[in-house]
Amino acid sequence: MTDQPSTPTGGNPHMERAYTLRGPDDAREFYDEWAETYDDELADASQDYVAPGLAADTVVRVAGVGVTVLDAGCGTGLVGAELAAREVGTVDGVDVSPGMLERARATGAYRSLEPADLTRPLRTPADSYDVVVCVGTLTHGHVGPEALAEFVRVTRPGGHVVATVLDDVWESGGYRAEVDDLVSAGRADLVSADVTPYRAGVGVEARMLVLAVR
């Protein structure tokens, strides 16, 4: 994605750079550098990154507990930790950044953690998970709407995809059109795409997308 975002960053230089990444290699290098301070910076009141907790609540609401979950773009494990706190079930994680994966491993929330570039097809077999959750990755400079088809592919029929899509790019980035295509093709049903807080400290919102896989 090549748009020049106007999304508030709260003056955080890491956040400003994150929205202008130029592909997976750039993302890998950047997030390896940011991994050590990422959690502290986003937990700060100036950012108040509430999306991981809200996404975990959504997983419980639509899928219950005792399920298998793929955390796609797991980063440092913020979502995995929230899922573990809710005793959701078994969680695997994938991310482009080895540095982020090391931080995620330290949470103890994951069964497995593997490197993966979400701009390309996953190595995961079809129908592997009850839920795919993706938070903070469908945004400026990161992963485009084509990833949604992969999330649907690796989710079992009757399962769910729960993903945040930054509201700024929901339509302009092609995510809404991709959802419409998946629904038209009979691959998924749109359960909801409500606007929710994301980085509440700076007033940034996202769509909490929920797809039911057919």
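I began with helix α5 (residues 98-105), which lies across β2 (89-95) and β3 and runs at about 175 degrees to β3. For such angles I took axes as lines fitted to C-alpha atoms, for helices over the stretch in contact, with angles from 0 to 180 degrees between N-to-C directions; helices (H or I, at least four residues) and strands (E, at least two) are DSSP runs, numbered from the N terminus.

I noted that this is a predicted model, in which local features need pLDDT of at least 70 and side-chain atom pairs count only at pLDDT 80 or more, while totals for chains, interfaces and linings use all residues. Residues are numbered from 1 along each chain as its sequence is written, and side-chain values use heavy atoms, with hydrogens and water left out.

Next I looked up the sheet: seven strands form an open, mixed sheet in the order β3-β2-β1-β4-β5-β7-β6, where two strands pair if DSSP finds at least two bridges between them. Its edge strands, β3 (112-115) and β6, each pair on one side only. Inside the sheet, β4 and β5 pair in the parallel sense over six bridges, and Val-131 has His-160 in β5 as its bridge partner.

I then turned to helix α7 (residues 175-184), where Tyr-175, Glu-178, Val-179 and Leu-182 are buried (under 20% relative accessible area, 1.4 Å probe, protein chains only). They lie on the same side of α7 because they cover an arc of only 100 degrees around the axis, taken from the directions from the helix axis to the C-beta atoms. The buried residues of α7 pack against β4 (129-138), α6 (147-153), β5 (155-166), β6 (188-199) and β7 (204-213), with contact meaning heavy atoms within 4.5 Å.

Terms used: Buried < 20%, exposed > 50% of the residue type's maximum accessible area, 1.4 Å probe, protein only.
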